[in-house]
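Take a look at the model below.

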Amino acid sequence: MTITGVNLAVAAGIVAAIGDISRFNSPQKLVSYFGLNPRVRQSGLGAAHHGRISKIGRSHARAMLVEAA
């Protein structure tokens with residue numbers, strides 16, 4: 001709750017959505033679980049094109065984080 005915009009309801013919702021934090025091996029896996037990672041398109045050795053967030057994941061938790069931001 002030290003993050004600006006995150007109150008008790010948002011913090012409780014995020015903790016409920018995550019569950020046991022130890023099941024995520026890295027922060028990137030947690031970000032991907034929420035669908036907040038950017039899409040990356042790349043073919044072969046060409047340049048990577050970064051797009052918008054993937055939105056593949058827990059939509060309710062992602063919505064709470066967006067509203068808190």
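Predicted model: local features only at pLDDT ≥ 70, side-chain atom pairs only at ≥ 80, totals over all residues.

Residues are numbered from 1 along each chain as its sequence is written, and side-chain values use heavy atoms, leaving out hydrogens and water.

Two packed helices are described by the angle between their axes and the distance between the axes. Start with helix α1 (residues 8-18) and helix α3 (residues 59-68). Helices are DSSP runs of H or I with at least four residues, numbered from the N terminus. The α1 and α3 axes lie 9 Å apart, at an angle of about 150°. Axes are lines fitted to C-alpha atoms over the stretch in contact, and angles run from 0 to 180 degrees between N-to-C directions. The angle therefore makes α1 roughly antiparallel to α3 (over 145 degrees). From α1, the residues A9, V10, G13, I14 and A17 meet A61, M64, L65 and A68 of α3. Contact means heavy atoms within 4.5 Å. By class, eight residues here are nonpolar, one is polar and none is charged. Ala, Val, Leu, Ile, Met, Phe, Trp, Tyr, Cys and Pro count as nonpolar, Asp, Glu, Lys and Arg as charged, and the others, Gly among them, as polar.

Now turn to α1 and helix α2 (residues 27-34). Their axes are 11 Å apart, at about 105°. So α1 is roughly perpendicular to α2 (65 to 115 degrees). I14, A17 and I18 of α1 touch L30, Y33 and F34 of α2. This contact has six nonpolar residues, with no polar and no charged ones.

What lies nearest the centre of the largest pocket? I3, V6, A11, I14 and L65 do, among eleven lining residues. A pocket is an open set of points on a 1 Å grid over the protein atoms alone, where a 1.4 Å probe fits, with protein on both sides within 12 Å along at least five of seven lines; lining residues have an atom within 4 Å of a point. The largest share of the lining, three residues, comes from α1.

How values were computed
Helix = DSSP H or I, 4+ residues; strand = E, 2+ residues; numbered from the N terminus. Parallel < 35°, antiparallel > 145°, perpendicular 65-115°, else oblique.
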